[in-house]
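Okay, thanks for making time, everyone.

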Amino acid sequence: MSLLDELTVNALDPGYQQTVDRRVSGAGTADQPGGRRDHPRRYPRRRRGLLVAGLLVAGLLLATAAAQARSRAPASAQVRSSLAADVAARTRDTDALQSQVAQLRAQVAAARARGLAATRSGTAMAEQVAALEEANGGTPLRGPGLRVTLADATLPTPDPLAATKRPSALPGDAGRIADRDVQDVVNALWAAGAEAISVGGQRLTPQTAIRAAGQAILVDFRPLSPPYDVIALGEQSQLGNRFGDSPTARRFRTYAATYGIGFTIRSERALTVPVGAGPPLRAARPPAPAP
Amino acid sequence: MIPAIALVLGVALGLVFQPGVPLWLQPYLPIAVVAALDALFGAVRAQLDGIFDDKVFVISFVANVLVAALVVFLGDQLGVGSQLSTGVVVVLGIRIFSNAAAIRRHAFHA
């Protein structure tokens with residue numbers, strides 16, 4: 001307590017009192033003890049200039065700090081919005097390149113089909129290629145299947161155990177769909193006999209990763225926004241029954257009841273999955289065109 | 001009267017010209033401002049107490065600002081910058097508050 005006491009008692013800089021005391025004792029004509037209200041009112045001109053300069057600097061400092069504080073907030077907002085615009089532009093670029101890739105792929109496939117159609121072994125090979133491409137996401141596919149939708153909890157998480165004691169350790173994250181949840185659903189769908197799967201419009205190929213960066217879920221390194229639509233093509237009743245009975249689906253139903261996440265399974269007659277991103281070339285380069 | 005005009009003039013100059021603050025100085029500006037406010041309130045109280053001295057004011061003003069910034073700078077180098085600035089703000093805040101209370105007693109006799 002003594003620290004606080006001292007702070008409040010000695011709030012005024014002791015220098016003021018000391019100067020007065022010194023002046024009084026120096027003059028030797030103190031009318032009042034303590035030296036109050038007896039100092040000369042008129043200062044020499046030089047001292048007055050000092051005071052004016054000091055106050056000028058003080059005002060300058062205050063105004064500069066105010067201007068600084070005001071200009072800094074919009075600056076950070078500007079940085080944020082320009083970053084967001086950057087992200088949007090890059091996503092658009094990637095989309096355009098993706099569609100270009102799909103076009104070129106279709107051209108390649110057509111040219112290959114023409115080349116292979118000439119011979120009988122070529123026809124067999126073309127069929128094999130087509131089957132492999134369907135399996136690894138090289139062609140868009142359509143057919144019956146399941147649409148599984150996952151969504152973050154909208155309610156503030158009602159935690160039945162901790163509600164009366166204390167807020168749960170991660171209040172914001174309990175009802176949030178994580179990359180592992182999407183992975184579990186996708187694995188359960190493969191296990192149930194899905195023939196092709198897309199997540200949020202991204203086709204899963206053998207090389208697709210479902211990952212998380214911060215709180216965003218990335219499929220094929222492209223960020224998704226909730227709700228997450230998982231489309232699985234396959235024989236409808238078999239896929240629906242097997243996935244509906246899987247431990248994963250049961251677990252998610254429990255989550256939906258407990259935490260209020262969105263979890264719906266719908267059987268649809270006509271679904272499409274897009275073409276997936278091909279394997280990226282890391283080391284190989286096309287040769288220089290022959291002269 | 002003239003000192004008050006100087007203060008207002010300083011604020012006006014700062015608002016009009018908006019001098020840029022170098023990046024390395026920006027973390028210390030808020031602390032320096034709190035120290036300056038402390039010196040200003042102390043000066044007003046001393047004036048009302050009748051013991052104001054311009055030399056004491058100017059020296060305490062400059063020294064407060066520099067020392068506050070220096071303390072935070074040292075704290076930054078030692079990795080306790082935010083804690084030290086909290087400490088400085090608490091101490092100066094209490095001083096400003098009790099000086100303001102003294103000014104209020106002078107002004108309203110209550």
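Quick definition before we start: two strands pair if DSSP finds at least two bridges between them. Helices (H or I, at least four residues) and strands (E, at least two) are DSSP runs, numbered from the N terminus.

Some housekeeping. This is a predicted model, where local features need pLDDT of at least 70, side-chain atom pairs count only at pLDDT 80 or more, and totals for chains, interfaces and linings use all residues. Residues are numbered from 1 along each chain as its sequence is written, while chains are lettered from A and ligands numbered from 1 in the order in which they are written.

Let's begin with the sheet in chain A. It's an open one with three strands, in the order β4-β5-β6, and the pairing is antiparallel. β4 and β6 (222-224) of chain A are the edge strands, each pairing on one side only. From one strand to the next the twist averages 40 degrees; axes here are lines fitted to C-alpha atoms, for helices over the stretch in contact, and angles run from 0 to 180 degrees between N-to-C directions.

Zoom in on β4 (residues 210-213) and β5 (residues 216-219) of chain A: four bridges join them. Who stands opposite A:R211 in β5(A)? That's A:L218. A:A213, meanwhile, has A:A216 as its bridge partner in β5(A). The two strands form a hairpin with two residues between them, and A:G214 in that turn has a positive phi of about 65 degrees. Helix α5 (residues 179-191) of chain A lies across β4 and β5 of chain A, at about 170 degrees to β4(A).

Now chain B. Of its 110 residues, 37% count as buried, where buried is 20 or more other C-beta atoms within 10 Å of a residue's own, exposed is 12 or fewer, partly exposed is in between, and C-beta atoms are placed from the backbone.

α2(B) is mostly covered, with 15 of its 21 residues buried. That helix reaches 30 Å from its first C-alpha to its last, close to the 30 Å expected, the expected span being 1.5 Å times one less than the number of residues. Just after α2(B), B:G50 takes a positive phi of about 80 degrees.

On to the interface. 40 residues of chain B are in contact with 31 residues of chain A, contact meaning C-beta atoms, placed from the backbone, within 7 Å. The largest share of chain B's side, eleven residues, comes from α1(B). By class that side has 26 nonpolar, nine polar and five charged residues; Ala, Val, Leu, Ile, Met, Phe, Trp, Tyr, Cys and Pro count as nonpolar, Asp, Glu, Lys and Arg as charged, and the others, Gly among them, as polar.

One residue to look at is B:V58, in helix α3 of chain B. Why does B:V58 count as buried? Because B:V58 has 21 C-beta neighbours inside 10 Å.

Last, confidence. Chain B averages a pLDDT of 86, pLDDT being the predictor's confidence in each residue, from 0 to 100. Among the elements of chain B, α1(B) has the lowest mean (84) and α4(B) the highest (88). The complex gets an ipTM of 0.77 and a pTM of 0.47 from the predictor.

Notes: Two residues are in contact if their C-beta atoms, placed from the backbone, lie within 7 Å.
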